[in-house]
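Here's a quick briefing to read with the model open beside you. Have a look at the structure first, then go through the points below.

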Amino acid sequence: MLKSVYNWIDERLDITPLWRDVADHEVPEHVNPAHHFSAFVYCFGGLTFFITVIQILSGMFLTMYYVPDILNAYKSVDFLQSKVAFGVIVRGMHHWGASLVIVMMFLHTLRVFFTGSYKAPREMNWVVGMLIFFVMLGLGFTGYLLPWDNKAYFATQVGIQIAASPPIIGEYVKTFLQGGDIVGAQTLTRFFALHVFFLPAVLLALLGGHFFMIRKQGISGPL
Ligand code: HEM
């Protein structure tokens, strides 16, 4: 059944060469943990991506209950946690995944650094990786405010004060992030927009570039 649907589409759109180009690619021996155990470090990027996918999926489900305004944000999270079926699991995945994805990304960056994979011809992918790094930190920072509890509120005040400290640009960054004179209603709306629309869109574009370059250049090594 599935095969005949596939064939039906393939006859019309000739899709086989598209995925063959991506999928029909042998894994080189030096990155295969089945050959050399230490090659597991080459899995860190893929694992980072796996958690990123979990973050996107769990986040999509969270937005079905989360209400991004200062009167209802905390209550909506509380309701999700205590009343909604599997709510505590979905929120837990997003909460712990947020830390885990940063740890994995850091390990991946260390692997790339210590295998010298940032060198020519992969400099551009290192730079794209650095941009991804900052976008991921931005996702962590903006997501932290959303439950609108005391920890979120005061941590964001500290974060914004740090962002406001550089000369010249500091005040502009602060106004951009805060959306007003204090950390308040406008900040929450703004952080929500950044967290669910702007930063994920930028992240997906950057990851597209990251994977395109990996596919074009192949994996580096062996050492
Ligand atoms: C969400 C974050 C990221 C994801 C999902 C990701 C994903 C991946 C994947 C799947 C690979 C293939 C090889 C491997 O798995 O190790 C890779 C390679 C690479 N990544 Fe990342 N990456 C991320 C962040 C970064 C960061 C922060 C940097 C560095 C600043 C970086 C730099 C590179 C480079 C230079 C390569 C090519 C390595 C080689 O050819 O050996 N990536 N990335």
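Helix α6 (123–145) gives the shell around the ligand its largest share, six residues (helices are DSSP runs of H or I with at least four residues, numbered from the N terminus). This is a predicted model, where local features need pLDDT of at least 70, side-chain atom pairs count only at pLDDT 80 or more, and totals for chains, interfaces and linings use all residues. Residues are numbered from 1 along each chain as its sequence is written, and side-chain values use heavy atoms, leaving out hydrogens and water.

**Around the ligand**
- The shell holds 24 residues, and the closest are Y42, H108, R111, H210 and S220 (a residue is in if one of its heavy atoms lies within 4 Å).
- At least two shell residues come from each of α3, α5 (87–114), α6 and α9.
- By type, the shell splits into eleven nonpolar, eleven polar and two charged residues.

**Atoms that meet the ligand**
- S220 has a side-chain N or O atom 2.5 Å from an oxygen atom of the ligand.
- For H210, a side-chain N or O atom sits 2.8 Å from a nitrogen atom of the ligand.
- R122 places a polar side-chain atom 3.0 Å from a ligand oxygen atom.

**A nonpolar patch on the surface**
- F49, V53, I56, L57, M60, L204, F211, I214 and I219 make up this patch, with about 740 Å² of accessible area together (Shrake-Rupley method, 1.4 Å probe).
- I56 sits in helix α3.

Definitions and conventions
Patches are made of residues with over 30% relative accessible area and no salt bridge: like charges are joined within 9 Å, nonpolar side chains (Val, Leu, Ile, Met, Phe, Trp, Tyr) within 5 Å. A salt bridge is a side-chain nitrogen of Lys or Arg within 4 Å of a carboxyl oxygen of Asp or Glu. A polar contact is a pair of N or O atoms within 3.5 Å; within protein, one must be able to donate a hydrogen and the other to accept it, and residues adjacent in sequence count only if both atoms are side-chain atoms. Ala, Val, Leu, Ile, Met, Phe, Trp, Tyr, Cys and Pro count as nonpolar, Asp, Glu, Lys and Arg as charged, and the others, Gly among them, as polar.
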